[in-house]
Amino acid sequence: MHQGATPMSDCSVQDLTIRDAVVADVPALCALRGARAPHEAKLAETAAGTARFLVEVLGGDIVAFAGGRHRQPVTGPPKPHLPKLSDCFVAPQYRSPGSSRALVSARERIAHAAGCELLSVSVDPIESPRWLDFFRGRGYRTLQPAPYRKGELRYADDGKSEEVLVWRQDLVVNPRKIEPA
Ligand SMILES: CC(C)(COP(=O)(O)OP(=O)(O)OC[C@H]1O[C@@H](n2cnc3c(N)ncnc32)[C@H](O)[C@@H]1OP(=O)(O)O)[C@@H](O)C(=O)NCCC(=O)NCCS
């Protein structure tokens, strides 16, 4: 992202466009959130046809990204609850006026258009209770009565990774039944 990008306070959500990420976006994605490996892994999944990787653009700059998996990964352990929204990140200075809402809606529309009857998302209800409430408000229902613990790989900006224990709660919705935002 360029230092001179238009501040979100001078823009509205209508100024944001959403498109699929491409390999040439990797430097901008790393400027947004450090490590290269997760971005490249998501682009590889996109190329394999198992996932989508969307970026949100404002005035030519990438200000947010979000993933979505609709098929099992080519490598690694199988994933439960597919199709699934994943890893939504908005640059701090572009948060709040609907940046992530637009990305979530875009991924829900993709699932709807693909004829999916269930779409899931996994949320940290301890760290991000607002994010959990956001999905509940859109009609998602929680699958577990209480949060559970899970090991997850976290990447530092220098590319080093470590497994950390996180809280999770899974939610599902029928994409055809989501009220338009
Ligand atoms: C969570 C996050 C994606 C929200 O982006 P945003 O552009 O501020 O979101 P929007 O303005 O589109 O608002 C959509 C919803 O996001 C949620 N939200 C907004 N800020 C949030 C925050 N700081 N923490 C948790 N949820 C937040 C709210 O539920 C909001 O809906 P509401 O306004 O009806 O309450 C953003 O704060 C972010 O990138 N955080 C770091 C990464 C992260 O935690 N991602 C989510 C887990 S994968």
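Here are a few notes on this predicted model, going from the overall fold to the ligand shell.

1. Overall make-up. The protein has four helices and eight strands. Reading from the N terminus, the order is β-α-α-β-β-β-α-β-α-β-β-β.

2. Size and packing. The C-alpha trace spans about 45 × 40 × 30 Å along its principal axes. The radius of gyration is 16 Å, and that agrees with the value near 16 Å for a compact globule of 181 residues. As for burial, 26% of the 181 residues count as buried. Among contacts with a separation of 6 or more, 63% are between residues 24 or more positions apart.

3. Strand β3. Worth a look in your viewer: eight of the nine residues in β3 (residues 61–69) are buried, so the strand is largely enclosed by the rest of the structure.

4. Neighbours of β3. On one pairing, β2 (residues 51–58) runs antiparallel to β3 with eight bridges, and Ala-51 has Arg-69 as its bridge partner. These two strands make a hairpin with two residues between them, and Gly-59 in the turn has a positive phi of about 55°. β3 also pairs antiparallel with β4, through five bridges; here Phe-65 is partnered with Phe-89.

5. The ligand shell. What surrounds the ligand? There are 16 residues around it, the closest being Arg-95, Ser-99, Ser-100, Arg-101 and Phe-134. By class, the shell splits into six nonpolar, five polar and five charged residues.

6. Where the shell comes from. β4 (84–90), α3 (99–113) and α4 (129–137) each contribute at least two shell residues. Note that β4 is also the strand joined to β3 by five bridges.

Notes. Residues numbered from 1 in each chain as written. Predicted model: local features only at pLDDT ≥ 70, side-chain atom pairs only at ≥ 80, totals over all residues. Near = placed C-beta within 6 Å. Nonpolar A, V, L, I, M, F, W, Y, C, P; charged D, E, K, R; others polar. Rg over C-alpha atoms; globule rule 2.2 N^0.38 Å. Buried ≥ 20, exposed ≤ 12 C-beta atoms within 10 Å, placed from the backbone. Contact = placed C-beta atoms within 7 Å. Pairing = 2+ DSSP bridges.
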